[in-house]
Amino acid sequence: MRILVAVKHVPDIQSERSLGPDGRMVRDGGDGTLNELDENAVEAALTLVEEAEDGEVVVLTVGPDDAVDAVRRALQMGADEAVHVVDDAIAGSDAVSTARVLAAAVRRLSEEQPVDLVLTGMAALDGLTSLVPTVLADLLELPALTLATEVMVDETAGTVTVRRELDHAVELLRAPLPAVVSVTDSANEPRYPGFKGIMAARKKAVTTWTLADLGLEPDQVGAAGARTAVVAAAERPAREDRVLVTDGGDAGVRLAAYLVENKLV
Amino acid sequence: MTSPVLVLLDHAADGALRPSAAELVTLARPLAGDGGVLGAWVGDGPGPDALAVLAAHGVAAVHAVRPDADPALSAVTAEAVTAVLGATGAGLVLIPSTFEGKEVAAHLAASTGAGVVTDADGVQLQDGVPVASKTVLAGTWTTRCSVVGAPAVVTVKANAVPAEPVAAPREPVVVEHELTVSPAARRVELVERTERAASDRPDLSGAQVVVVGGRGTEGDFGPIEELADLLGAAVGATRVATDEGWIAKEAQIGQTGVTVTPRLYIGAGVSGAVHHRGGMQAAGTIVAVNSDPDAPIFEIADFGVVGDLFTVLPQATAELRRLLG
């Protein structure tokens, strides 16, 4: 079983994140990290290969030079190979143009050796659109199974079945392999790379591709290929008139009065 | 813009409209051109109750699409919306920002080349181009995004606008469509679907008032539920509370759980970890009760109480009961 995992390098959500004058995420703060929700996808891939006792996990990322840190982390967790697509023209991509680059990379990897499954996290903790997995599947003409809390592969039948929990229903979805599956943070508990994993990762190569390697033109990606553009971005002003009281026995009464006076109830 | 605006009408399996429908129609009215606001209804057609709500909110026509595959699959719904787009020439599509809604938007992006903005809290036209506003980075920044090219697809958060009826309701025209779904959309098979039992409380994602319990409840949601029931509010929880099994998983608010945008958020025993803030920071008014004065939630609270939730909440509930009579 050969599983590709698409991961993203994002600013650490515990850090002070900001947007630049162009409305794009500031990505050079030096506190970037593997998108936490993608760790669940890497974990799911490693578990599936371990259970099958056969196969390999290839991680794939698209992003500037620093983004290589995201795939390095996945290699430390136990992934076998990594691919980093880096090209200046990619800057400013929206979800669709990002998916276009990923799709081209997945196609190239599939030509080298067939791919059974493409896994992703449920969303990236920067843009948080959760569009990429489905767009990627459609561009690759593969079925999309999203928001999996459980991923079950039946290699004999050539199918993948996922369980997912939505606001109003719980569903079991099944599709033939190969397929694109996104997993939620309830799917598993990502492993922490140990010393052995960190040492082993040093010996693993990261392949770097540019747009030319993928047969993509610069105007298909980045800001040029994007269908959306940020026209204004501003830090939200601090809340005014904030009240902080320490309970001296009547805080509940004061809270009730605040809600009634401000017509909140 | 002279083209109509299309709203994907979210409804339960039994045909009951979800609150997002009237909200999105209200938002669409000033954006729609000559063709007015059109509704896309996927599944067995709308019943009289749903049509009455749509008439009251000014929908010109409802395009009821009956696909020959399960409309619970987002790829099927996306093909239905695409068919309505083709039949009507609508240039802008509004979809509720649920997980399913965003998935439909993603399919539309891939199949029609649509530009998509998700989780918007408003939409305006600027020189005929839709511009959506949204908060990002856990509610700390606001942005405005233009959608280049047609169709423009915007998924809209619950409570972005209050639903407002029109002065002169008129029964919408119902246009029926039969849809043969493509083989591509049939590759995903719905093996099983279990609807969650409806609760007496409002839906968390669409509720106007939300009362939330965190680690500080130590598993006792009694005071939370009592206040919520008095206020007709939904009950939410933090990741810790759901992980501990104190409350069902679907109550989890946060970046990876439900995003709430209520008029009033009341958090009790909630520390305000960044994951949680990402799912609630866009609330209109934030009230926090926590015994730890250093809890980060106080940084974003409009009204904060440093105190024990087990005394503060019941006292507030009793006082509100008295004041509200």
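**Strand pairing and packing**

User: In what sense do strand 7 and strand 10 of chain A pair, and over how many bridges?
Analyst: Strands are DSSP runs (E, at least two residues; helices are H or I, at least four), numbered from the N terminus, and two strands pair if DSSP finds at least two bridges between them. Strand 7 (residues 144–154) and strand 10 (residues 179–183) of chain A meet this rule, in the parallel sense, over three bridges.

User: On what basis are such values given?
Analyst: The model is predicted, so local features need pLDDT of at least 70 and side-chain atom pairs pLDDT 80 or more, while totals for chains, interfaces and linings use all residues. Residues are numbered from 1 along each chain as written, chains are lettered from A and ligands numbered from 1 in written order, and side-chain values use heavy atoms, without hydrogens and water.

User: Which strands stand at the edges of the open sheet of ten strands?
Analyst: The order is 11(A)-5(A)-4(A)-1(A)-6(A)-10(A)-7(A)-8(A)-9(A)-11(B), with mixed pairing. Two strands each have a single partner, so one side of each is left without a neighbour in the sheet: strand 11 (206–209) of chain A and strand 11 (189–195) of chain B.

User: At what angle does helix 1 of chain A run to strand 1 of chain A?
Analyst: Angles run from 0 to 180 degrees between N-to-C directions of axes fitted to C-alpha atoms, for helices over the stretch in contact, and contact means heavy atoms within 4.5 Å. Helix 1 (residues 36–52) of chain A lies across several strands of chain A, including strand 4 (56–62) and strand 6 (117–121). To strand 1 (2–7) of chain A, this helix runs at about 175°.

User: How far apart are the end C-alpha atoms of helix 3 (residues 74–88) of chain B?
Analyst: The expected span is 1.5 Å times one less than the number of residues. For the 15 residues of this helix it should be 21 Å, which agrees with the end C-alpha separation of 21 Å.

User: How far does the charged end of A:Arg73 sit from the ring centre of A:Tyr192?
Analyst: A charge sits over a ring if NZ of Lys or CZ of Arg is within 6 Å of the ring centre and within 35 degrees of the ring normal. The charged end of A:Arg73 sits over the ring of A:Tyr192, at 5.2 Å.

User: Are A:Tyr258 and B:Phe303 buried or exposed?
Analyst: Buried means under 20% relative accessible area, exposed over 50%, and partly exposed in between (1.4 Å probe, protein chains only). A:Tyr258 and B:Phe303 are both buried.
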